[in-house]
Amino acid sequence: MGRFLLKRLFFGAIVLFGVITITFLLTRVIPSDPAARWVGPRATRQQIAQARIELGLDRPVYVQYTRYVSDLLRGDLGRSLRSRQPITDELVGFLPATLELVLLSTFFAVFAGIPLGVLSAKSKDKPVDHICRFFSVGAVSLPTFWVGMFLQLLFYGGLGWLPLGSRVSFETAIFYNIPNITGFIVFDSLITGNFYIAADALKHIILPGITLALYPIGLVARMTRSALLEILGEDYIASARSYAVPEAKVLWLYALKNSLGPTSTVLTLSVGYTLVNTFLVEAIFNWPGIGMYISSAVVTMDYPAIMGVTIFSTCAYVVLNLIADIIVALDPRVRV
């Protein structure tokens, strides 16, 4: 097992090194001058030349690359051309809002996707199975921006049940001191006893959370169904049924337990997908997370910020992929 983990860590480091190298080279060949963006649109040539020296752009490319990698090893992602603030600090400020959405979508994927897949496998080729499969395929296929705007039209414009966007209402942001301990507004409000803020934040997170959760729900449901159908044909399942073991116990204890390997792998990788693909959801619901941050960086051509988010996303994928490999390797039927 230790050798297996070291091998996975080695390949993950190679992937991370490749992404760092590619993103660095791309920012050097794109026709744009970071120094001019650093000093502003009305800067003189002398100011631009001074900015190039300040940013280290006057040095050879290999020197810039070595300096950039050494800064990354210290956790320094550079400074934003737009705000001139450390990118690491900005990511720390925007990350909790995105993680709050991702954790909620993962919760929905587990507690909605797995039962949906079990129900579909139990009722194979029956109307219930067709309905579940239709829903799971639709959940994976529907465009995120369409789902988000449809939910806004239905629950805000039509029914008036839920707010349009943002993390809290305008009145709450003005008249209440929002606690900031972990960055998760709902959790921070509950542990500090601010139940009004917690209820308001919970109402605001429902629509973006459901929008972001549809893809992993459909993915988990399809994978659970596929794995269960294969396992339900095994001999030990037939033996359990011949001993008159209740069907619910056979399905939810014996069969589901052995199908969680591939399902957990898909779920883990879908977490990485939702983590780096929240920009549409955050743009639609005005959610101040990593998606909004990278959108602003792309619009303003803030290359250091784009590189920082790319490297962060790569690290997240490498770690989540390693977790998925460990989950699969824990299965005694799998040969490491």
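## Aromatic pairs

The count comes to 9 aromatic pairs. The model is predicted. A pair of aromatic rings is described by the distance of the centres and the angle of the planes.

Take Phe-24 and Tyr-65. Their ring centres are 5.3 Å apart and their planes stand at 65 degrees, so this pair is edge-to-face. Phe-24 belongs to helix H1 (residues 2–29) and Tyr-65 to helix H4 (residues 61–73), so the pair ties together parts 41 residues apart in sequence. Phe-24 is buried, because its relative accessible area is 1%, under the 20% cut-off. Tyr-65 has 18% relative accessibility, so Tyr-65 counts as buried too.

Phe-107 and Phe-108 make an aromatic pair of the tilted kind. Here the centres are 6.1 Å apart, with 55 degrees between the planes. Phe-107 has 44% relative accessibility and so counts as partly exposed. Phe-108 is partly exposed as well, with a relative accessible area of 25%.

## An aromatic cluster

Which residues form one aromatic cluster? They are Phe-24, Tyr-65 and Tyr-68.

Two elements give two or more residues to the patch: helix H7 (144–158) and helix H13 (279–284). H7 gives the most, with 5 residues.

Is Leu-154 buried or partly exposed? Its relative accessibility is 33%, so Leu-154 counts as partly exposed.

Conventions. Residues are numbered from 1 along each chain as its sequence is written. This is a predicted model: local features need pLDDT of at least 70, side-chain atom pairs count only at pLDDT 80 or more; totals for chains, interfaces and linings use all residues. Side-chain values use heavy atoms; hydrogens and water are left out. Helices (H or I, at least four residues) and strands (E, at least two) are DSSP runs, numbered from the N terminus. Buried means under 20% relative accessible area, exposed over 50%, partly exposed in between (1.4 Å probe, protein chains only). Rings of Phe, Tyr and Trp (its six-membered ring) pair if their centres lie within 6.5 Å; planes under 30 degrees apart count as stacked, over 60 as edge-to-face and the rest as tilted.
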